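Thanks for making time for this. I would like to walk through one model with you, going from the chain as a whole down to a few side-chain contacts.

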Amino acid sequence: MSITTLKEASARVAGDVTAFLQKLVQSPSISGEEGDVAGLIVREMKKLGYDEVFTDDMGNVAGILKGSGQGENIMFNGHMDQVDAGRLEAWEYEPYGGAISGGYLHGRGACDMKGAIASQVYAGAVIKSLDVSHRGDIIITGVVQEEPGECVGMAYLCDVAFAQRGIKFDLAV
């Protein structure tokens, strides 16, 4: 596959990625209140044809694109929670509006880290759409409760949920 093919496939979904990111930003997800965002991610992954999608007992989300089983599994991880918007008068744009202005999408969590989650979810979809063979599984995850600093969501996902399902990863981003 050429880089041109990859760029063209990515360009075809650019509007969808932006619309998905807007929905994520428009859904407040303070630590411990990530359920709406988790639901959006699950629905998007299912719509995009992920091979396996689940939410664990803590509220973490995982979507898997199965490889051939002949290589290393890679996990791309992002946290779904964001800090409180604080003083609303300090915002140039409404914090949960998802406004697009000057080529940027504005709002709480847009760059930390909902933009990355939207990109990761759609990167998996682009790979699937191009029917790129990959030896290991590609695992896209969104975890809860990162902002307080204890990363309890990530620990639960890896130590409990993945262990219960027999999911292993060799690399993580």
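Let me begin with burial: of the 173 residues in the protein chain, 41% are buried. Please keep in mind throughout that this is a predicted model, and that what I quote is computed from it.

As for overall dimensions, the C-alpha atoms of the protein chain fill a box of roughly 55 × 40 × 25 Å along the principal axes. The radius of gyration is 16 Å, which agrees with the value near 16 Å that a compact globule of 173 residues would have. The accessible surface comes to about 8900 Å², and carbon and sulfur atoms account for 51% of that surface.

Turning to secondary structure, the protein chain has 5 helices and 7 strands, and when read along the sequence these follow the pattern α-α-α-β-β-β-β-β-α-β-α-β. If we take the contacts between residues at least 6 apart in sequence, 73% of them join residues that are at least 24 apart.

Now to the aromatic rings: how many aromatic pairs does the structure hold? There are 2 aromatic pairs. In one of them, Phe20 and Tyr122 have ring centres 6.0 Å apart and planes at 55°, so that the pair is classed as tilted, given that only angles over 60 degrees count as edge-to-face. Because Phe20 lies in helix H2, residues 14-25, and Tyr122 in helix H4, residues 110-129, this pair ties together parts that are 102 residues apart in sequence. Both Phe20 and Tyr122 are buried.

Phe162 and Phe169 also form an aromatic pair, here edge-to-face, with 6.1 Å from centre to centre and 75° between the planes. Are these two partners buried or exposed? Phe162 is buried, with a relative accessible area of 0%, whereas Phe169, at 30% relative accessibility, counts as partly exposed.

Finally, there is a contact between a charge and a ring, in which Arg165 lies over the face of Phe54, at 3.7 Å from the ring centre.

Technical notes. Residues numbered from 1 in each chain as written. Predicted model: local features only at pLDDT ≥ 70, side-chain atom pairs only at ≥ 80, totals over all residues. Heavy atoms only, no water. Phe/Tyr/Trp six-rings, centres within 6.5 Å; stacked < 30°, edge-to-face > 60°. Helix = DSSP H or I, 4+ residues; strand = E, 2+ residues; numbered from the N terminus. Buried < 20%, exposed > 50% of the residue type's maximum accessible area, 1.4 Å probe, protein only. Lys NZ or Arg CZ within 6 Å of the ring centre and 35° of its normal. Rg over C-alpha atoms; globule rule 2.2 N^0.38 Å. Contact = heavy atoms within 4.5 Å. Areas by Shrake-Rupley, 256 points an atom, 1.4 Å probe, with all protein chains shown as cover.
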